[in-house]
Amino acid sequence: MTGGVKKARGRSREGIVESGIERERERAMATSMTRSGLRAAAAALRGEAKSGARPVLPNKRSFSASAHHDDAYETAKWEKITYAGIVTCTILSIHNLSKGHRHPPEPPPYPYLRIRNKEFPWGPDGLFEKKKHSEH
């Protein structure tokens with residue numbers, strides 16, 4: 001017995017208590033669902049016997065995402081927002097690309113710029129240049 005926890009068949013007391021609580025929750029939920037179904041069935045039978053109308057079905061479970069909004073309305077709204085965004089981006093890109101952009105001025109031809117005292121390993125030309133040379 002370490003730490004005041006008894007081990008019974010590989011599970012601690014806390015584990016046994018937690019599983020008992022979980023079982024009680026499951027049992028309560030099953031009972032609640034059964035009662036709800038029986039009430040809906042009784043209401044359907046009473047409604048059908050009185051007026052001949054359709055049976056009343058239990059309420060459909062609504063999730064938080066669709067509780068207050070119509071899906072078609074939301075879809076149409078976001079479709080309009082998307083088209084407005086596409087048009088806006090297109091207009092802005094055309095405007096930005098149509099403006100002229102200035103090039104930086106050419107640097108002055110100072111004599112100390114681009115001095116090459118040593119030949120490149122690939123020859124006298126630049127790496128991507130090919131100049132005509134007189135062969136001896």
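Trainee: Which residue's side chain meets that of Arg-27 in a salt bridge?

Mentor: Happy to start there, keeping in mind that this is a predicted model. Side chains of opposite charge can pair when their charged atoms come close. Here the N to O distance is 2.7 Å, and the partner of Arg-27 is Glu-24.

Trainee: In which helix do Arg-27 and Glu-24 both lie?

Mentor: The two residues are three apart, about one turn of the helix. Arg-27 is partly exposed at 47% relative accessibility, and Glu-24 is partly exposed at 46%. Both of them belong to residues 13-51, which make up helix H1.

Trainee: How many salt bridges does the structure hold?

Mentor: Besides Arg-27 with Glu-24, Glu-74 forms a salt bridge with Lys-77, their closest N and O atoms being 3.5 Å apart. Glu-74 and Lys-77 both lie in helix H2, again three residues apart and about one turn of the helix. The count for the structure is two.

Trainee: How are the rings of Tyr-110 and Tyr-112 arranged as a pair?

Mentor: A search of the whole structure finds one aromatic pair. The ring centres of Tyr-110 and Tyr-112 are 5.3 Å apart and the planes lie at 5°. Planes under 30 degrees apart meet the cut-off, so the pair is stacked.

Trainee: What is the area of the nonpolar surface patch that includes Tyr-110 and Tyr-112?

Mentor: Tyr-110 is partly exposed, with a relative accessible area of 42%. Tyr-112, found in the segment after H2, is exposed at 55%. Together with Leu-113 and Ile-115, these tyrosines make a patch of about 440 Å².

Trainee: Which element of the chain has the lowest mean pLDDT?

Mentor: The mean pLDDT of the chain is 76, with 67% of its residues at 70 or more. Among the elements, helix H2 (residues 71-98) has the highest mean, 94. At the other end, with a mean of 48 over residues 7-8, is strand S1.

Trainee: How many contacts beyond four places in sequence does the model have for residues 3-8?

Mentor: Over residues 3-8, pLDDT stays under 50. Where pLDDT is low, the predicted coordinates should not be read in detail. With that caution, the number of such contacts for residues 3-8 is eight.

Notes. Residues are numbered from 1 along each chain as its sequence is written. This is a predicted model: local features need pLDDT of at least 70, side-chain atom pairs count only at pLDDT 80 or more; totals for chains, interfaces and linings use all residues. Side-chain values use heavy atoms; hydrogens and water are left out. pLDDT is the predictor's confidence in each residue, from 0 to 100. Helices (H or I, at least four residues) and strands (E, at least two) are DSSP runs, numbered from the N terminus. Contact means heavy atoms within 4.5 Å. Patches are made of residues with over 30% relative accessible area and no salt bridge: like charges are joined within 9 Å, nonpolar side chains (Val, Leu, Ile, Met, Phe, Trp, Tyr) within 5 Å. Accessible areas come from the Shrake-Rupley method with a 1.4 Å probe; for residues, only the protein chains shown count as cover. A salt bridge is a side-chain nitrogen of Lys or Arg within 4 Å of a carboxyl oxygen of Asp or Glu. Buried means under 20% relative accessible area, exposed over 50%, partly exposed in between (1.4 Å probe, protein chains only). Rings of Phe, Tyr and Trp (its six-membered ring) pair if their centres lie within 6.5 Å; planes under 30 degrees apart count as stacked, over 60 as edge-to-face and the rest as tilted.
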